[in-house]
Amino acid sequence: VTRHVHQQDEIALHFGGDWNNPEDLGGEIDFGVENDFLVLNTSCAFFAPRGLYHCPVIWKKWSKPHIEMAITLGCGTR
């Protein structure tokens with residue numbers, strides 16, 4: 001996904017699939033925020049308030065399965 005912005009708040013979750021070591025993401029991800037990148041290498045959640053430019057998400061390393069989930073808050077409300 002390329003750099004973009006939303007009109008609603010969003011939460012991006014990245015968590016590893018090793019239930020014996022839940023902090024282990026099982027990889028390394030560069031997550032674009034505005035004009036910088038965060039390096040994700042542990043399970044984490046990221047809050048992107050509406051209007052914040054984010055992405056791309058670039059998988060740099062991959063050693064174990066992990067899950068990425070995005071939750072958009074306030075969709076359909078007026």
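# Close-up views of the predicted model

**View A. The sulfur of C55 lies 13 Å from the closest cysteine sulfur, which belongs to C44, and this is too far for a bond.** The structure is a predicted model, in which local features need pLDDT of at least 70 and side-chain atom pairs count only at pLDDT 80 or more, while totals for chains, interfaces and linings use all residues. Residues are numbered from 1 along each chain as its sequence is written, and side-chain values use heavy atoms, with hydrogens and water left out. A disulfide is a covalent bond between the sulfur atoms of two cysteines. Here it is counted when a pair of cysteine sulfur atoms is within 2.5 Å, and the structure holds zero of them. C55 is buried, with a value of 8%, whereas C44 is partly exposed at 25%.

**View B. Strand β5 around C55 and P56.** Both C55 and P56 are in strand β5. Strands (E, at least two residues) and helices (H or I, at least four) are DSSP runs numbered from the N terminus. What kind of peptide bond joins C55 and P56? It is a cis bond, with omega at about 10°. The backbone of C55 also has a phi near 85°, a positive value in a residue other than glycine. Most residues other than glycine have a negative phi, and most peptide bonds are trans.

**View C. The loop residue E34.** E34 sits in the loop between β2 and β3, the latter covering residues 36-42. Its phi is near 55°, which is again positive in a residue other than glycine. E34 is partly exposed, with a relative accessible area of 34%. E34 is also one of the residues touched by L52, along with H4, V5, V33 and F46, when residues up to four places away in sequence are not counted. A contact means heavy atoms within 4.5 Å.

**View D. H14 and its contacts.** H14 has its place in strand β1. Is H14 buried or exposed? H14 counts as buried, because its relative accessibility is 0%. With neighbours within four places in sequence left aside, H14 is in contact with L25, I29, F31, L40, T42, S43, C44, V57, I67 and E68.

**View E. The largest nonpolar core.** Such a core is a set of buried Ala, Val, Leu, Ile, Met, Phe, Trp, Tyr and Cys residues joined through side-chain atoms within 4.5 Å. Two or more of them come from each of β2 (24-33), β4 (44-48) and β5. The largest share, four residues, is given by β2.

**View F. The largest pocket.** The space in this pocket is about 180 Å³. A pocket is an open set of points on a 1 Å grid over the protein atoms alone, where a 1.4 Å probe fits, with protein on both sides within 12 Å along at least five of seven lines; lining residues have an atom within 4 Å of a point. The volume is the space filled by probe spheres set on the points, which are joined across faces, edges and corners. Which of the 13 lining residues are the closest to the centre of the pocket? They are V1, C55, V57, E68 and A70. The elements that give two or more residues to the lining are β1 (10-16), β5 (54-62) and β6 (66-72), and β5 gives the most, with four.

**View G. Q7 and P49, with the whole protein for context.** Q7 is found in the segment before β1 and counts as exposed, at 62% relative accessibility. Q7 and P49 are 42 residues apart in sequence, and their C-alpha atoms are 8.6 Å apart in space. Across the protein, residues 24 or more positions apart account for 67% of the contacts with a separation of 6 or more. The protein has six strands and zero helices, and its C-alpha trace spans about 40 × 25 × 15 Å along its principal axes. Of its 78 residues, 27% count as buried.

Notes: Buried < 20%, exposed > 50% of the residue type's maximum accessible area, 1.4 Å probe, protein only.
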